[in-house]
Amino acid sequence: MFFLVSALTTSLAAVLSLGTVAGQDVTIQDEFRAAGGRPAQQAVTFDTEAVPVGSWVTVIERVGDDTHVELRLQGVEANRTFGAHVHQKPCADEPNDSGPHYQDAHDPEQPSTNPAYANPHNEVWLDVRTDGRGDGGAAATQAWRFRPGQARSVVIHEHATHTGDHAAGTAGARLACVNVPFA
C-alpha cells in the first residue's frame with residue numbers, strides 16, 4: 001500500500017516538506033498525530049474522536065494560471081460533513097495557532113464574517129462529506145495565487161461552512177490541522 005501511495009503521490013506532484021519552488025506543485029500526505037507532540041507535527045488532531053490519531057490527510061496544490069487545491073481525508077469520522085479552509089499560519093499545539101483564513105482580498109475586520117470577503121471565491125473552502133469508511137475529498141480552484149508565505153495550513157472544522165450574513169466563513173471548532181508550504 002505504501003509503495004502504491006508513494007508512486008501515485010510522486011506522479012501527481014513533487015513531495016515537499018519544508019518549502020517550495022515557484023511554479024512547482026506541492027503534495028503533503030501524512031498521518032494525523034496528537035497535538036503537542038515533539039518534534040512539531042505535519043498533521044495534528046485536536047479532536048481524536050472526529051479525526052483519530054492514525055487517520056490520513058493529503059493536500060495537493062497545483063499552480064498554473066490559477067491555484068487548484070485538493071483535500072483528501074481517510075479514516076476520519078464516517079458519514080460526516082467537515083468544513084475545511086486554508087489558513088494563514090502553520091499548525092501548532094493549540095487549535096487557534098493557525099490564525100484566520102487566507103483571503104485573496106483581506107477583510108479589514110477580523111474575524112471575517114462579511115460575505116463580501118468570507119466566501120468561496122476569496123478564500124479556499126474545502127468542505128468534505130465522508131463516506132461509511134470515513135474517507136472523502138474536496139477540491140477548489142481559484143483564479144488567483146497565494147501571496148508568498150501567507151498561506152501555511154489547512155484546518156479541518158466541526159461542520160460545513162456557513163454562508164449567511166454575520167456567520168459567513170464560520171465552520172465551528174478547529175478539529176485538526178495540516179501544515180502545507182503553499183506556493
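His159 sits in the loop between β9 and β10 (174–179), where strands are DSSP runs of E with at least two residues, numbered from the N terminus. The model is predicted, and local features need pLDDT of at least 70, side-chain atom pairs count only at pLDDT 80 or more, while totals for chains, interfaces and linings use all residues. Residues are numbered from 1 along each chain as its sequence is written, and side-chain values use heavy atoms, with hydrogens and water left out.

With a relative accessible area of 27%, His159 is partly exposed (buried means under 20%, exposed over 50%, partly exposed in between, with a 1.4 Å probe and protein chains only). Its C-alpha atom is separated by 5.8 Å from that of Thr81, 78 residues apart along the chain. Leaving aside residues up to four places away in sequence, His159 touches Thr81, Phe82, Gly83, Thr170, Ala171 and Gly172, a contact being heavy atoms within 4.5 Å.

Turning to the aromatic rings, Phe, Tyr and Trp (its six-membered ring) pair if their centres lie within 6.5 Å; planes under 30 degrees apart count as stacked, over 60 as edge-to-face and the rest as tilted. Four aromatic pairs are counted by this rule. Tyr102 and Phe146 form an edge-to-face pair, because their ring centres are 4.9 Å apart and their planes stand at 80°. This pair links distant parts of the chain, 44 residues apart: Tyr102 lies in the loop between β6 (81–87) and β7 (128–129), and Phe146 in the loop between β8 (136–142) and β9 (153–157). Tyr102 is buried at 1% relative accessibility, and Phe146 is buried at 5%. Trp144 and Phe146 also pair edge-to-face, at 5.7 Å centre to centre and 75° between the planes. Tyr102, Trp144, Phe146 and Phe182 together make one aromatic cluster.

Technical notes:
Helix = DSSP H or I, 4+ residues; strand = E, 2+ residues; numbered from the N terminus.
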